[in-house]
Amino acid sequence: MIVHLGLGNFFRAHQAWYTAEAKDGWGIAAFTGRSAQAPDPRYKLVTRGPESDEISWPDAIRETHPGTDRAAWERLLAQRETAVVTLTVTEKAYAGEDVPGRLVAGLKARRDSGSGPIAIVPCDNLPDNGAVTRRVVTEAARRADPALAGWITENVSFVSTMVDRITPASTPPEVVTEPYHEWVLQGDFPAGRPAWDTVGARFVADVLPHEQRKLWLLNGGHSLLAYVGSARGLTTVAEAVDDPECRALLETWWDEAAAALPLPAGEIRDYRAALAERWENARIRHLLAQIAMDGSQKIPIRVLPVLRHARENGTLPVGAIGIVAAWRRHLHGAGAPVDDAGAARFAAATTAREFLGLLDPALAADDDLVAALDGEPVVSSR
Ligand SMILES: NC(=O)c1ccc[n+]([C@@H]2O[C@H](COP(=O)([O-])OP(=O)(O)OC[C@H]3O[C@@H](n4cnc5c(N)ncnc54)[C@H](O)[C@@H]3O)[C@@H](O)[C@H]2O)c1
Ligand SMILES: O=P(O)(O)OC[C@@H](O)[C@@H](O)[C@H](O)[C@H](O)CO
């Protein structure tokens, strides 16, 4: 049995789909992140290719629970049959107290029941998400019960993952996703796991280069299209990738990201080509406004590593600076509406140096970078 937290569309199209396709008897008990209503476990998955749709009804979700049902959460984590906990709770949840607190309560129930080791598998777009989860859970446990923190260190495997399948928001019970899917995992499953590898998941010793490839080229590219494209009056990823100004900046950004990636050039070239093709699928209506949300959580992860790499090598990366500048203009009203609980302090920064200082003091001390951000032209409207 798997227990999942954060019953959203991506989970339905990715982890629940892999588990159903593995066809080896594993089922999922899924909890909503915040909603007090447990949705129907059944859903229709529409796999939307550039020409046609394929319909399926993945059946791995056996039961659903409201996230407010803490008794069911603790009961399920305490059961020996529960071997894996997966998470899709958005990036910002790892910086809060609620999700770590719920995991600590569930792990306490497991320790007290004597059901033994377990794997926790975060599936959000964060680099080294297993290590991040280990840190926030262990710190929360230490505050509540130091002995529990020790038990977690001994008994809980935090798996790091790269997850990929573009799944825009849609109306339940229909989930629309793309044909492409990728899952790369690093870590142990001490109580077993589904045979996800039989459906294409890859288990590797080092997930980092896969995460960087996906986070920088795909998610960084997405953020570029979201801020630059929406400021140019565009609504979807397919429209933005087809827009010459967005596309030119995207190719520049991809060159900068490629220079920082520890991967063979051919692999990066193939991934870029596949990515452009995925985004050009106009039958997938992925809204730029959805991607623009929570920039304060996403920009530091998706863009800054490439920016730092370029500065360490003495170059001024026009693509990375262009994304930061477009996000800054977004915070001042350009394009998609701002939906980001962490935005206020960035919006209040009056100078480029102050703005960069909120991202990273070292960047704010870089005079050439400050001047470049100051000199960024306002995005031209079409
Ligand atoms: N949609 C995609 O294409 C995609 C692809 C790869 C990874 N992801 C990852 O999956 C996450 C969810 O994407 P989605 O499309 O399923 O979104 P969604 O809005 O359909 O689902 C998000 C889920 O997270 C829960 N959640 C949100 N904030 C939370 C919080 N503070 N605490 C606990 N739970 C919280 C929600 O209740 C909901 O269950 C993304 O943030 C991203 O990290 C999404
Ligand atoms: O889901 P988010 O909010 O982290 O980011 C928005 C998109 O960049 C993202 O959902 C991608 O579509 C996804 O990561 C593709 O696998």
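A residue is counted as near a molecule if its C-beta atom, placed from the backbone, lies within 6 Å of that molecule. In this predicted model, 24 residues lie around ligand 1, and those that come nearest are Gly8, Phe10, Gly33, Thr90 and Asp124. Two elements, helix H1 (9–13) and helix H4 (98–113), each give two or more residues to the shell around the ligand. H1 provides the largest share, with three residues. By residue type, the shell around ligand 1 is made up of 10 polar, eight nonpolar and six charged residues.

The largest nonpolar core of the model comprises 61 residues, and within this core Val85 and Ile120 have the most contacts. When residues up to four places away in sequence are not counted, Val85 touches Val3, Leu77, Ile118, Ile120 and Val121. Another core, of 46 residues, lies apart from the largest one; among its members are Trp216, Trp253, Ile299 and Phe355.

Ile299 also belongs to the buried part of helix H12, together with Gly295, Ser296, Gln297, Lys298 and Arg302. Helix H12 spans residues 295–302, and because six of its eight residues are buried, the helix is largely enclosed by the rest of the structure. Its surroundings are helical elements: the buried residues of H12 pack against helix H7 (208–231), helix H11 (288–292), helix H13 (304–312), helix H14 (318–331) and helix H15 (344–348).

Terms used
Residues numbered from 1 in each chain as written. Chains lettered and ligands numbered in written order. Predicted model: local features only at pLDDT ≥ 70, side-chain atom pairs only at ≥ 80, totals over all residues. Buried ≥ 20, exposed ≤ 12 C-beta atoms within 10 Å, placed from the backbone. Helix = DSSP H or I, 4+ residues; strand = E, 2+ residues; numbered from the N terminus. Contact = placed C-beta atoms within 7 Å. Core = buried A, V, L, I, M, F, W, Y, C linked by C-beta atoms within 7 Å. Nonpolar A, V, L, I, M, F, W, Y, C, P; charged D, E, K, R; others polar.
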